[in-house]
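Please examine the model displayed here and consider on what grounds its features receive their names.

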Amino acid sequence: MATARIYMDWNATAPISDAARDAFLSAFDLTGNGSSVHAEGRRLKTVIEAARRDVAALCAADAACVTFTSGATEAANMVLTTEFRMGRTPLGVGRLYVSAIEHPAVREGGRFPRDRVEELPVTSTGTIDLDALDHALAAHPRDEGIAMVAVMLVNNETGVIQPIAEVSARVKAAGGLLVVDAVQAVGRMPVSISDLGADFLIVASHKIGGPKGAGALVARGEVLMPRPLIHGGGQEKGHRSGTENPAALAGFGAAARAAQDALGVYPAHVTTLRDRLEAGMRVAAPDVLIHGTDTLRVGNTTFFSLPGLKAETGQIAFDLEGVALSAGSACSSGKVGQSHVLMAMGQDPSLGALRISMGPTTTVEEIDRLIDIFARIAGRRRSTVAAA
């Protein structure tokens, strides 16, 4: 009997949960359009609004402040713009300040002109340099409009948690806006848009066990909103036109509800597994470098380098051993290159880095098998280096 593969790439996409699959299929079979006023349309509208409440609850937000999108990338491009309205009053944003470790969807600057996007450095531990943020906000040219700062809550490669409350205090003191990419945070730690002090959160369905193709921009209130990215029939209160996908949204809502329910157990479970894994890795290869260990991390992520092992070589080696893991972000069309996150942290850019990310169904048995596989690959790497 073939040995089952081990899936350790939850940060790229979580396997769809049973609850999300059931909700998706149930809504998929419904006829109608959520914007129609007949019974079939009203039934689909009910499905969409139930999902909106579930996603809002995962962020401790008001359901009226959730705008559904096709995913986190669309949500980022929607909110990263120079044009906002405060009710009926236009509000101009002059510049966007992003941390150097942001996901490409944010780091590219959305709809901002490239000369209005400034990158902020991070420390060697992988957290934003608050002194650099202070300097940028103090130097911000007020005549261009207010400042916008975009910082992720949890880094998708290292799992490092950013000091968002401290960032927010600085941004608010400067009269700016704060956008937080919470894609890798929701479901892995408690998230409250108000406690974070964020104006907007970005979330995605497929990171928490929901279907791909659904995401949301979550606002702190209903008054301040960006100029729509997609115009048309006025769905989503005019913030995002286009017929909603009730099946994907139903699955998203079910996944959000399940993730919220599991918060009392899941973080501790995966943290225990991660610590077991990393201890085993250090025994098997004392020279292994595990990134981000000197600061707070979510429990499900291990980002590591083995000196002498290239990222693409390591990824293939693990795949051949039956383990699915990644070399950082999976959102670069399958390309394996140098990690911009490690480079921002001041690490040697020639280091190959691999990411292990687990989820609520990951088991101790899988972790122990993974440690054995890691030991074999590390041993072969030593033999290759010695022979060279």
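Predicted model: local features only at pLDDT ≥ 70, side-chain atom pairs only at ≥ 80, totals over all residues.

Q: What makes Cys59 and Cys65 buried or exposed?
A: The term buried applies under 20% relative accessible area. Cys59 has a value of 1% and is therefore buried. Cys65, with 7%, is therefore buried as well.

Q: Why is helix H3 described as largely enclosed by the rest of the structure?
A: Helix H3 covers residues 72-79, and six of its eight residues are buried, so the description follows from that count. The buried residues are Ala72, Glu74, Ala75, Ala76, Met78 and Val79.

Q: How do you know that strand E9 is mostly covered?
A: Five of the five residues of E9 (residues 215-219) are buried. Gly215, Leu217 and Ala219 point one way from the strand, while Ala216 and Val218 point the other way, and all are buried.

Q: What makes E2 and E8 pairing partners of E9?
A: Pairing requires at least two bridges between two strands. Strand E2 (residues 66-69) is joined to E9 by four bridges, and strand E8 (residues 200-204) is joined to E9 by five. E2 and E9 run antiparallel, and E8 and E9 also pair in the antiparallel sense. Val218 in E9 is the bridge partner of Val66, and Leu201 stands opposite Val218.

Q: Why is the contact of Arg5 with Asp319 called a salt bridge, and what does the pair tie together?
A: The limit for a nitrogen and a carboxyl oxygen is 4 Å. The N to O distance between the side chains of Arg5 and Asp319 is 2.6 Å, and the criterion therefore holds. Arg5 lies in the segment before strand E1 and Asp319 in helix H10 (residues 311-320), so the pair ties together parts that are 314 residues apart in sequence. Arg5 counts as partly exposed at 46% relative accessibility, as does Asp319 at 39%.

Q: What makes Glu49 and Lys45 a pair separated by about one helical turn?
A: Both residues belong to helix H2 (residues 39-58) and are four residues apart, which means a separation of about one helical turn. By contrast, the salt bridge of Arg170 with Asp134, at 2.8 Å, links helix H6 (residues 164-173) to helix H5 (residues 130-139), the two residues being 36 residues apart. Salt bridges that share partners join Lys45, Glu49, Arg52 and Glu236 into one network. The count of salt bridges comes to 21.

Q: Why is the ring pair of Phe304 and Phe318 given its geometric name?
A: Ring centres must lie within 6.5 Å, and planes over 60 degrees apart count as edge-to-face. The centres of Phe304 and Phe318 are 6.3 Å apart and the planes stand at 75 degrees, so the pair is edge-to-face. Phe304 is in strand E12 (residues 301-305) and Phe318 in helix H10, 14 residues apart. Both Phe304 and Phe318 are buried. Ring pairs link Phe304, Phe318 and Phe374 into a cluster, and the count of aromatic pairs comes to six.

Conventions. Residues numbered from 1 in each chain as written. Heavy atoms only, no water. Buried < 20%, exposed > 50% of the residue type's maximum accessible area, 1.4 Å probe, protein only. Phe/Tyr/Trp six-rings, centres within 6.5 Å; stacked < 30°, edge-to-face > 60°.
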